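Subject: The structure for you to look through

Dear colleague,

I am handing over the structure that you will be working with, and below it I describe what was found in it. Please keep it open beside this message while you read.

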Amino acid sequence: MLYRYRVLFFLFSLSMITYLDRVCISVVGVRMKSDLGLSNEEFGWVLGAFSLAYALFEMPTGAMGDRLGPRRVLLRVVLWWSLFTALTGVASGLIALIVIRFLFGMGEAGAYPNSSIVIARWFPAVETGRAQAFIWGAGRLGGALAPLVMIPLAASAGWRASFWAMGLVGVVWAAVWYWWFRDFPKDKKGISEKELAYIQESRRFRPQAHGLAWGALLRSRNLWALVIMFHFYMYGAYFFYSWMPIYLQEGRHFSESEMQLFSTLPFLTGAVGCFTGGFLSDWLVKRYGLRIGRASVGLVGMGLSSVVMWTSALTADNVTAAYLLSAGMLFKDLTLPVSFAVCVDIGKSRAGTVSGTMNMIGQLGGFFLAVFFGKIVDWAGDYNYPLYIIGTLLGISSLLWLVIDPTKELTWKTVGANDAGLLDG
């Protein structure tokens with residue numbers, strides 16, 4: 001097997017573990033709420049604590065990976081989040097949960113930006129979309145496995161045991177990663193000269209030693225269109241990550257076993273969406289060029305997801321609504337690998353910084369959704385009200401793909417002895 005595909009296997013497994021850890025709390029959410037006496041609004045703050053910390057530390061951890069390399073940064077990321085995943089299982093009340101989940105989000109931040117750094121360094125440009133497809137498809141498979149693994153474990157050993165088990169899995173991954181992986185292909189023993197030459201000649205990454213001009217970065221209109229698009233995308237994403245199991249049980253009156261099935265299905269369809277979106281985008285890029293290849297997938301995927309989310313909320317039949325939500329996840333996730341591929345397209349050697357910026361603004365959408373979903377439900381007494389908002393925001397996200405241009409690379413220019421500027425290329 002080519003060495004870059006072995007690297008992709010590590011990123012694939014990392015993404016699966018990430019989503020097993022992340023979705024675990026929502027899968028056992030009804031049990032946790034009952035055991036700890038939490039209202040929907042209080043549980044929303046628990047979910048929001050993770051999203052807020054995750055958002056705040058995405059960009060700095062992505063920039064750290066650009067500077068220090070993803071080998072060391074991902075070791076820290078996974079060990080940190082594994083510790084606080086395990087500590088979630090010892091929380092005894094609301095305040096403890098909020099603090100632990102905030103620290104968990106702080107630790108997990110940077111996992112995907114650093115994965116994008118690995119893609120930029122280890123993969124040729126023509127494989128960027130499909131490599132991101134494998135990473136994000138794996139995350140969806142992890143989310144699909146979460147109900148199948150965590151519900152039986154919680155039923156037999158209690159909800160706390162599920163967090164302890166996942167903490168242990170992360171520690172094992174971190175140890176093997178640090179032992180095997182190297183930041184650059186040239187530093188990995190055993191890689192063939194042919195593969196090394198192919199990667200180095202055609203990858204997005206270019207060695208550079210410029211400083212980072214944050215003001216110029218934030219003045220890029222193209223980047224702002226990308227990050228706002230992803231902000232609205234994350235409202236839809238966080239519904240599935242955090243609230244859907246509770247929505248199905250309390251809003252659609254499914255039993256726990258029915259919830260197990262219909263919480264798994266969207267992540268399976270999401271995996272199909274991720275793989276389809278990434279491979280389709282790379283094919284369209286080859287045939288029609290970079291802008292059409294990326295933007296067309298995002299435009300269509302987010303637009304269809306918006307329509308389906310609205311239709312689901314308006315549907316009276318519970319089972320039909322659940323199937324529609326699964327379709328909404330599929331269409332929405334066509335866009336996910338494409339979004340991170342655009343970060344590599346325009347960021348190149350700063351792929352970690354650019355993807356961290358996009359994910360930071362995006363995760364703030366997750367924070368607002370996590371908190372306000374519970375507030376809106378408690379106020380309105382109807383679990384479908386937030387879906388109307390989500391559907392509308394996904395529609396706006398779709399239109400922003402008319403502005404996003406992956407051909408406008410962010411290029412670094414030295415403007416002084418110790419300074420650098422960033423402009424749209």
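Let me begin with the cysteines: under the rule that two cysteine sulfur atoms must lie within 2.5 Å of each other, the number of disulfides comes to zero. Cys274 takes part in no disulfide, since the cysteine sulfur nearest to its own, which belongs to Cys343, is 14 Å away. Cys343 likewise is in no disulfide, its nearest cysteine sulfur being that of Cys274, at 14 Å. Cys274 has a relative accessibility of 0% and therefore counts as buried, and Cys343, also at 0%, counts as buried as well. Please bear in mind throughout that this is a predicted model, and that the values I quote are computed from it.

Next come the charged side chains. Side chains of opposite charge can pair when their charged atoms come close, and in this structure there are 12 salt bridges. I will describe some of them.

One of the salt bridges joins the side chains of Glu127 and Arg4, with 3.1 Å from N to O. This pair connects distant parts of the chain, because Glu127 sits in the loop between α6 (111-122) and α7 (128-157), while Arg4 belongs to helix α1 (residues 3-27), and 123 residues separate them. Are these two residues buried or exposed? Glu127 has a relative accessible area of 7%, which is under the 20% limit, so it is buried, and Arg4, with 5%, is buried too.

Another salt bridge is formed by Arg130 and Asp282, whose closest N and O atoms are 3.2 Å apart. Here again distant parts of the chain are linked, for Arg130 is in helix α7 and Asp282 is in helix α12 (residues 256-288), 152 residues apart. Arg130 is partly exposed, with a relative accessible area of 31%, whereas Asp282 is buried, with 7%. Arg130 and Asp282 also belong to a network of salt bridges that includes Arg294 and Asp345.

A further salt bridge involves Lys186 and Asp187, with 3.3 Å between the closest N and O atoms. Lys186 is exposed, at 53% relative accessible area, and Asp187 counts as partly exposed, at 40% relative accessibility.

The surface also has a nonpolar patch, which is made up of Leu83, Leu87, Val90 and Trp164 and has about 370 Å² of accessible area in total. Leu83 lies in helix α4 (residues 70-88), and with a relative accessibility of 46% this leucine counts as partly exposed.

Finally, here is the chain as a whole. The protein chain contains 17 helices and two strands, and its C-alpha atoms fill a box of roughly 60 × 45 × 40 Å along the principal axes. Its radius of gyration is 21 Å, which agrees with the value near 22 Å that a compact globule of 425 residues would have. Of the 425 residues, 60% count as buried. Among the contacts in the chain with a separation of 6 or more, 83% are between residues 24 or more positions apart. The chain exposes about 15,400 Å², and carbon and sulfur atoms supply 67% of that area.

Notes. Residues numbered from 1 in each chain as written. Predicted model: local features only at pLDDT ≥ 70, side-chain atom pairs only at ≥ 80, totals over all residues. Heavy atoms only, no water. Buried < 20%, exposed > 50% of the residue type's maximum accessible area, 1.4 Å probe, protein only. Salt bridge = Lys/Arg side-chain N within 4 Å of Asp/Glu carboxyl O. Helix = DSSP H or I, 4+ residues; strand = E, 2+ residues; numbered from the N terminus. Patch = residues over 30% accessible without salt bridge, like charges linked within 9 Å, V, L, I, M, F, W, Y side chains within 5 Å. Areas by Shrake-Rupley, 256 points an atom, 1.4 Å probe, with all protein chains shown as cover. Rg over C-alpha atoms; globule rule 2.2 N^0.38 Å. Contact = heavy atoms within 4.5 Å.
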